[in-house]
Amino acid sequence: MQRVLSTYRYVNQPLGAALLAEISQAGITSVEIFCSPRHFNYREPQAVRELADALGEYHLELHSLHSPTERDLSPGRESGVPISISDTERIRRLDAVDELKRTIEVAERIPFRFLVQHIGHGRQAADPRKLDAAFSSLEHLCIFAKARGVTIALENTPGELGAPASLQHFITDTHLHDLRLCFDTGHAHIDEGVEVSFDIMRDRVATTHIHDNHGEKDEHLLPYEGTIDWDAALAAIAGAPEQVAIVLELKGQPNGGPTLDQVRATFDKLEENFEAKRGRTSRS
């Protein structure tokens, strides 16, 4: 099982060498980096060079980047203005595409496999105008990403626009077959359920976001701290047509956790259960 930790856990602090050293010392070999300028300024060449040096020093692989979701208009402050590839206003949509191109360009200095992308922002209906806007954005971005060795993976999100079935229909209808999917357990648990959602997405799932909640809000808890049935969830993921990375996408909690010791223990537990499920799947 490939263990990947999303730096979303630390999104409110700069992504420096000291933090990457701690992640490496916890036995984690790969990371997904959440692109927020106050965390990792993907537009700044010096920041990209420093990240490349730190990843190399601590023997960490960059598995994926999570695309930025909000516009940062001033240093150290998120504006709350969404960056959306499905914005029906052309100027804002083109601005979003430009921002994502700057993110993908990180691959020219630090190779990574996947850009995890939301098709919309928040809970939105599957408005045909928004889907047309997303197609216009992704038609261009897929070519730009492929030239740099990056695959765009659309993430299932709460609401109709980002629902598993909507994402599958979108790829089928647009013939953007270079697109893949990122399966998010927490979002699935809030909406249709983990097993049902994964079954819809399974043939195009290339990577994951693994976290827990209590079925009401997106808490990004450690697995086994919410109400997801992890035996069933891991059995579903183990049955995917191809092996996918297990990417823990956690949120910092008011008590200061989760610690890297807790993260490592959770990876151990997930791996033990996941490998058992894979063994049963291969024998069936």
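Start with overall size: a compact globule of 284 residues would have a radius of gyration near 19 Å, and this protein has 18 Å, which agrees. That radius is taken over C-alpha atoms, and the globule rule is 2.2 Å times the number of residues to the power 0.38. Along the principal axes, the C-alpha atoms fill a box of roughly 50 × 40 × 35 Å.

Before going on, this is a predicted model, in which local features need pLDDT of at least 70 and side-chain atom pairs count only at pLDDT 80 or more, while totals for chains, interfaces and linings use all residues. Residues are numbered from 1 along each chain as its sequence is written, and side-chain values use heavy atoms, with hydrogens and water left out.

The protein has nine helices and ten strands. These are DSSP runs, numbered from the N terminus: helices are H or I with at least four residues, strands are E with at least two. Of the 284 residues, 55% count as buried. Buried means under 20% relative accessible area, exposed means over 50%, and partly exposed is in between, with a 1.4 Å probe and protein chains only. Take contacts, meaning heavy atoms within 4.5 Å. Among those between residues at least 6 apart in sequence, 76% join residues at least 24 apart.

Now strand β1, residues 3-6. Which of its faces are covered? Both are: Arg3 and Leu5 on one side, and Val4 and Ser6 on the other, are all buried.

Last, the backbone. Most residues other than glycine have a negative phi, and most peptide bonds are trans. Where is the cis bond in this model? A cis peptide bond joins Gly257 and Pro258, with omega about -5°. Pro258 is in the loop between β10 and α9, residues 260-283.

Two non-glycine residues have a positive phi to point out. For His175 the phi is about 60°. His175 lies in the loop between α5 (164-174) and β8 (180-184), and counts as exposed because its relative accessibility is 58%. For Tyr224 the phi is about 80°. Tyr224 lies in the loop between β9 (205-209) and α8 (230-238), and is partly exposed, with a relative accessible area of 29%.
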